[in-house]
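Good morning, everyone, and thank you for making time for this. I would like to walk through one model with you, beginning with the overall layout and then turning to a few details of packing.

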Amino acid sequence: MLATTHLIASLLLIQLMSLDRNDAFVALLFGVFIDVDHFFGLKDYVAANGASGLFHLEDLMHPEGQWKSLLHSPMAAVVVGQVSVASRLAIPVLFWGAHLVMDYVQESFLGVFSIAEMAFCASLLSILVWIRYSGFARDRPEGSFVDYLRSEVEFFRKTVGRRSSCRPPRVRAVLRW
Ligand SMILES: [Zn+2]
């Protein structure tokens, strides 16, 4: 599926499971970012079809023409399973599994870039916004929908900002010592 659909589905699952920031990061890694392997597959696609193949949208979007590699194969279950056992968390397996199920549903039923997929993506987004807006309205009954959107932007800035400003305090301590 499109990365946007994977992102919205993962955010919805994160919301439903009330995951904290660190768990949410792992969830997004396995639920969305495994599509990074498309870029590696893309290299093989170009090698087989030439760079001009990139302009044949129909070939590119055909299920067999998609450039899915290792992380989308059943073999990856071994790796993802080990990560889950090592971290004592079911999150990697759960989100990776959800990603693969979504890809399967898209290829078997919805079609790539289809109206059905867009509708599916829009429904997931509506559910996510509805859940989050209900929470906001409960806390701030006087707040408008625009206030809600502002609060989401602020939440996003705080979440991403804090993560990127994370410094490894121990390194400083070790250096001083
Ligand atoms: Zn995928």
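Predicted model: local features only at pLDDT ≥ 70, side-chain atom pairs only at ≥ 80, totals over all residues.

The chain has 9 helices and 0 strands, and if you read along the sequence you will find the pattern α-α-α-α-α-α-α-α-α. Of the 177 residues in the chain, 15% are buried. As for how the chain meets itself, when we take the contacts between residues at least 6 apart in sequence, 66% of them join residues that are at least 24 apart.

Let me now turn to the packing of helices, and to the terms in which I will describe it. Two packed helices are described by the angle between their axes and by the distance between those axes.

How do helix H1 and helix H7 lie relative to each other, roughly parallel or roughly antiparallel? Helix H1, which covers residues 3-17, packs with helix H7, residues 115-139, at an angle of about 30 degrees, and their axes are 9 Å apart. Because angles under 35 degrees count as roughly parallel, H1 and H7 are roughly parallel to each other. The crossing in which H1 passes H7 is left-handed. On the H1 side the contact is made by Thr-4, Thr-5, Ile-8, Ala-9, Leu-11, Leu-12 and Gln-15, while the residues contributed by H7 include Phe-120, Cys-121, Leu-124, Leu-125, Leu-128 and Arg-132. Sorted by class, this contact of H1 with H7 has 11 nonpolar, 3 polar and 2 charged residues.

H1 also packs with helix H2, residues 21-31, and here the angle is about 150 degrees, with the axes 10 Å apart. H1 passes H2 in a right-handed crossing. The contact is made by His-6, Ser-10, Leu-13 and Ile-14 of H1, together with Ala-24, Ala-27, Leu-28 and Gly-31 of H2. By class, the contact of H1 with H2 has 5 nonpolar residues, 3 polar ones and no charged ones.

Is Ala-137 buried, exposed or partly exposed? With 15 other C-beta atoms within 10 Å, Ala-137 is partly exposed. Ala-137 and Asp-147 are 10 residues apart in sequence, and from C-alpha to C-alpha they are 9.9 Å apart in space.

Technical notes:
Residues numbered from 1 in each chain as written. Helix = DSSP H or I, 4+ residues; strand = E, 2+ residues; numbered from the N terminus. Buried ≥ 20, exposed ≤ 12 C-beta atoms within 10 Å, placed from the backbone. Contact = placed C-beta atoms within 7 Å. Axes fitted to C-alpha atoms, helices over the stretch in contact; angles between N-to-C directions. Parallel < 35°, antiparallel > 145°, perpendicular 65-115°, else oblique. Left-handed = near helix turned anticlockwise from the far one by under 90°. Nonpolar A, V, L, I, M, F, W, Y, C, P; charged D, E, K, R; others polar.
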